[in-house]
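This briefing goes through the packing, backbone and charged pairs of the structure shown below, grouped by topic.

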Amino acid sequence: MKIIRDIWQDLQKRQNLDVYITVIIAIVVSILGIFQITNLSVIISAVLGTLALVSISLLVNRRENDEIQKAISKIETKGKLAEYFLKSDDDVPQIAQLIPNAQKIYFLGMNLSTVIQTTKYEIEKGLHRGLEARFLLMKPDGTAINQAALRSRNHDEDYINEMLKISLYSLETIAKNVPNGKLEYRVIDFLASYSILAIDPHLPTGRIFIRMPVFKSPSQTRPRFDLSYKDDSIWSKFFLEQFEKMWEVSETYESKTEKHRSTAA
C-alpha cells in the first residue's frame, strides 16, 4: 500500500518521527485502556507526554515557518529578479582581491585600461609566483574601432586607439619583467558584446565577471553579473568557451618599438 511505503520512506529519512511516536503512544494507551490493563494515572501521564511531544513539534514547525517567511520577505525586498541579478557597482576591487591567490586569469575587453592599471601590481606579483594570465583586447587600427567609437559617449577612434595602445604597452612592460610564457596578450578585430574577467574559471572556486556594454552612456552605469563555477557551471563553461573561441582566432600584437627592434636585429 502507498501509505505504508510513505511511512517507510519517512522512517528511513527520519522525517515526521514525532508524529509516528504520538500515533503509536495513542494506539498503545487506547488498547491498554480498552482491556483495562492500566490505570487512569498511567493513561493521563501518557496523554500529557503526547501533548508535550506535539507541542514541541508545533514549536519547531513555527520556527521553520518564520524562517521561510523571512527568506521570502528578503526576496520580495530585493525587487524584481533583474534588479537582484544585475549589478552596477565597480567590480575591480573584488577582482584585485582575487588575483593574489589565483592560478589563472582570462580577461577579455575593449581595452581594459582601468582593470590593467588598477590591478597591475597584483598581476605582476601573481605572475612571479606562477600565475598564468591571458589578455584579449580589441585590435588597434582595426575595423572594429569604428563600432567602438559609435558606441562611445564622447570618445572618437583616435582616443580609443590610443587607450588600446597604452593598455597593450602596459602588458608588454609587465611581460618583460616576469617569467616567460606566464603572460600572454593578443588582439582581435572584433567588438565583443560583453567583457569577461575570469578568475580560475577551470576550478570549482572559479569566478567570472561579465560586463555588459552601454550605448552613449557612462561606463559606470553598465550592468554586470557574476558567475561562480560552483553554482553556475553551465553558463561559466559557456563564457569560458566563448573566450577560448575568440582566443583561437586572435593574433599576437607587436608594438612599433618591438617591430623596430626586430628589424634592427
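Leaving aside residues up to four places away in sequence, Phe135 touches Ile105, Phe107, Leu112, Ile116, Ile123, Leu171, Leu183, Glu184, Tyr185, Arg186 and Trp247. The model is a predicted one, and the points below begin with the core to which Phe135 belongs.

**Nonpolar cores**

- The largest nonpolar core has 33 residues, and Ile105, Phe107 and Phe135 are those with the most contacts inside it.
- Helix 9 gives the largest share of this core, namely 5 residues.
- In soluble globular proteins, nonpolar side chains tend to be buried together.

- Helix 7 spans residues 120–128, and within it Ile123, Gly126 and Leu127 are buried.
- Seen down the helix axis, the buried residues of helix 7 fall within an arc of 100°, so they line one face of the helix.
- The cover over these buried residues includes strand 1 (104–109), strand 2 (132–138), helix 9 (157–176) and strand 3 (183–188), whereas Tyr121 and Lys125 are exposed on the other side of helix 7.
- Gly130, which follows helix 7, has a positive phi near 120°.

- Most residues other than glycine have a negative phi.
- Leu112 has a positive phi near 50° and is placed in the loop between strand 1 and helix 6 (113–118); with a relative accessible area of 7%, Leu112 is buried.
- Asp141 is likewise not a glycine and has a positive phi of about 60°, but Asp141 lies in the loop between strand 2 and helix 8 (144–151) and is exposed, with a relative accessible area of 56%.

**A buried tyrosine in a loop**

- Tyr194 lies in the loop between strand 3 and strand 4 (195–199), and its relative accessible area of 13% makes it buried, because buried means under 20%.
- Although Tyr194 and Leu108 are 86 residues apart in sequence, their C-alpha atoms are 8.4 Å apart in space.
- Not counting residues up to four places away in sequence, Tyr194 touches Leu108, Ile210, Arg211, Met212, Pro213, Phe239, Gln242 and Met246.

**Salt bridges**

- The structure holds 8 salt bridges, and Arg134, Glu184 and Glu244 are linked in a network of them.
- Lys176 forms a salt bridge with Glu172, with the closest N and O atoms 3.6 Å apart; both residues lie in helix 9, 4 residues apart, which is about one turn of the helix.
- Within that pair, Lys176 counts as partly exposed at 47% relative accessibility, while Glu172 counts as buried at 5%.
- Arg207 and Asp226 meet through their side chains in a salt bridge of 3.9 Å, N to O; because Arg207 lies in strand 5 (residues 207–211) and Asp226 in strand 6 (residues 224–228), the pair ties together parts that are 19 residues apart in sequence.
- Asp226 also takes part in a salt bridge with Arg224, where the closest N and O atoms are 2.5 Å apart, and both Arg224 and Asp226 are buried, whereas Arg207 counts as partly exposed at 22% relative accessibility.

**Nonpolar surface**

- Ile234, Trp235 and Phe238 make a nonpolar surface patch of about 350 Å².
- Ile234 is placed in helix 10 (residues 233–248) and counts as exposed at 65% relative accessibility.

How values were computed. Residues are numbered from 1 along each chain as its sequence is written. This is a predicted model: local features need pLDDT of at least 70, side-chain atom pairs count only at pLDDT 80 or more; totals for chains, interfaces and linings use all residues. Side-chain values use heavy atoms; hydrogens and water are left out. Patches are made of residues with over 30% relative accessible area and no salt bridge: like charges are joined within 9 Å, nonpolar side chains (Val, Leu, Ile, Met, Phe, Trp, Tyr) within 5 Å. Accessible areas come from the Shrake-Rupley method with a 1.4 Å probe; for residues, only the protein chains shown count as cover. A salt bridge is a side-chain nitrogen of Lys or Arg within 4 Å of a carboxyl oxygen of Asp or Glu. Helices (H or I, at least four residues) and strands (E, at least two) are DSSP runs, numbered from the N terminus. Buried means under 20% relative accessible area, exposed over 50%, partly exposed in between (1.4 Å probe, protein chains only). The arc is that of the directions from the helix axis to the C-beta atoms. Contact means heavy atoms within 4.5 Å. A nonpolar core is a set of buried Ala, Val, Leu, Ile, Met, Phe, Trp, Tyr and Cys residues joined through side-chain atoms within 4.5 Å.
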